[in-house]
Amino acid sequence: MKVPVLKIEHMNISFTQYDRGMRQVELPTIRDLNVEVHEGEIVAVVGSSGSGKSLLAHGVMGVLPYNASMGGKIVYRGEELTADRIARLRGNEIVLVPQSLSYLNPFAKVGYQIRKGRKDAQTRQRLDDIFKRYDLKKEVEDLYPFELSGGMNRRVLIATAMIENPRLVIADEPTPGLDLKVAKRAMRHFRELADMGAAVLIITHDLELALETVDRIAVFYAGTTIEEAGVGDFEKEETLRHPYTKALWRAMPKNGFQFIPGSQPYVKNMPEGCPFMPRCGQCTEACRGQIPYKEIRGGRVRCLYAE
Amino acid sequence: MNRRWPVFLLKNLVRMTLLVICISIVTFGLMKASPVDPLQANVGQAALGSMSQEQREKLEEYWGVNTSPVEQYLSWAGDFIRGDMGTSLLYRQPVTRVIAVKLSNSLFLMVMAWILSGILGFALGALAGMNQGRLVDKCIKGYCLVISSTPAFWLALLLLMVFAVWLGWFPIGLSVPIGVEASGVTLADRIYHAVLPALTLSITGISNIALHTREKMIEVMGSDYILFARMRGEKGLRLLRRYALRGVLLPAVTLHFASISEIFGGSVLVEQVFSYPGLGQAAVAAGLGSDMPLLMAITIVSALFVFGGNLAANILYGVIDPRIRRGGTAE
């Protein structure tokens, strides 16, 4: 099998915070996260809002805040992605597509920002091509971020990735609050990037939308990946592996819109063992121990009873 | 923008006129309410006692003691509108000429202080903001807090003691050397005499702008767009120049133009300490000596400067921030 472009193994990210007074506490926001993306493939990390998914992106890009620490292993094209290496690669081979316009400098014109200030003929030509492909008028280059419309800003943000020669694209929540048409169009652009040979990792809360475009899904729950499955596995409940993924499946409108009670446990009172235990119907005493991440039917799952 | 210029100018002209009217009335009122008796203050109790009734009446007429305030104000205002600011009672010269001389002295001082404090304040603030929590930041912040709670005149006295009295590096006061004809005074002499007062003014001016710049720098460096720029491989000076600078410069520029008023206010005290014959000192003399025409004129000139500073800040805001420049025309 080919070497994955990005392979994240046992990623841990925790924050040091001051609790009452001067007592420091460690908040393990991401624990034992595993995911891999291959060339030409789109993988979506799906999880509910506010569960720390964006940290995954920041961790890979090497821009975690100073009070965060990261453990585990990130391998990029067969070699470990060290701090030095990501500092060299980010912005050209490895790019991030941010979630909103607030990630653009409000004081600079859009074209200038996409080009990162480069003025050579080649970059200009590239920008022209991207604008044509994305159906953006030439004048948009001279607009400031606040002058862009909702549909335009998606394409402008993706253009910041397209202008480079990315081998790995990480998109952080690329379709927040967009109407379905615009959101689908944005997802199509990621497909194009993958078809050009890039590996694409999309971090999103929108399972339905992801299922339409991506190749594989990694389900993110309480700071960890509990299942990795091909998109095909989501056609029937039976082909899914983890009880939470099955619950997600049942919660989709076309599958009955059923929801399960409870919510994800907060980092500070995370149960030992399986994080889904309090909401799971199948759990037993054994679920309180270590849960291995095992391979089943071409996917991976973190559940003792998955078949 | 072009379409809006006349409206903008007209609006500000009206504002400025209203400001001048209000300020002149308030100044006049305060002067009238002040307990300073012009005769006693300028002629002296002893001299006054030895004068004949006739002489006293003449003096009272000169200082306008018996004219009704409203009449006095209206006659002053009438002349002012015609461009005649009157004659200074103390200097016995046209007010315009007194102000021209004093202002050129003060402007020299204030411009020096303003530029110095702006550049230094911004640089220190930016440096502190980029190194938040480190030693540099703590030192700069500590310095700013100490300075901003130090009165300007006290600092002036301190500098005077250290650099003029003990070390003897700079003159003790005045704006030109003593005993030299006006034609013999060189620019170097003027700068030499202005250094200490200008330094005092800029030292106090620095802390304000540095603290604000620091705060803004921290905010900008923690913003999403700086994070994204870093994720796109930008770093170091390039990141600072291309991405952070505008966001930080904006409040600094506005603040600095608005701080013209503070430099004006500070100069009154500092000029007094250094016996520097500038506008501030003239204002004090005019106030204590009941020199109504001069004080009114100085107040109005100062108000116009402060107004101009704020106006410049407003205009520059538009130049620097595209959201204001373009947002305004897009309506």
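A nonpolar core, as the term is used here, is a set of buried Ala, Val, Leu, Ile, Met, Phe, Trp, Tyr and Cys residues joined through C-beta atoms within 7 Å. Keep in mind that this is a predicted model.

With that in hand, let's look at the core. The largest one has 145 residues, and the members with the most contacts inside it are A:Val169, A:Val200 and A:Ile202. Why does this core lie between domain 1 and domain 2 of chain A? Because domain 1 (6-93 + 167-301) and domain 2 (101-163) both give residues to it. As background, nonpolar side chains in soluble globular proteins tend to be buried together.

Zooming in on A:Val169, and skipping its neighbours within four places in sequence, its contacts include A:Val95, A:Val97 and A:Ala161. A:Leu193, A:Ala198 and A:Val200 are also in contact with A:Val169.

Chain A also has a hairpin worth a look. Strand β1(A), residues 6-18, runs antiparallel to strand β2(A), residues 24-37, and the two pair over 10 bridges. Within that pairing, A:Ser14 sits opposite A:Pro28 of β2(A). There are 5 residues between the strands, and in this hairpin A:Gly21 has a positive phi near 65 degrees.

Now over to chain B, with its overall figures in one place:

| Feature of chain B | Value |
|---|---|
| Helices | 15 helices |
| Strands | 0 strands |
| C-alpha box along the principal axes | roughly 90 × 60 × 40 Å |
| Residues counted as buried | 32% of 331 residues |

As for chain B contacts between residues at least 6 apart in sequence, 75% of them join residues at least 24 apart.

Conventions. Residues numbered from 1 in each chain as written. Chains lettered and ligands numbered in written order. Predicted model: local features only at pLDDT ≥ 70, side-chain atom pairs only at ≥ 80, totals over all residues. Helix = DSSP H or I, 4+ residues; strand = E, 2+ residues; numbered from the N terminus. Buried ≥ 20, exposed ≤ 12 C-beta atoms within 10 Å, placed from the backbone. Contact = placed C-beta atoms within 7 Å. Domains from an automatic or database assignment. Pairing = 2+ DSSP bridges.
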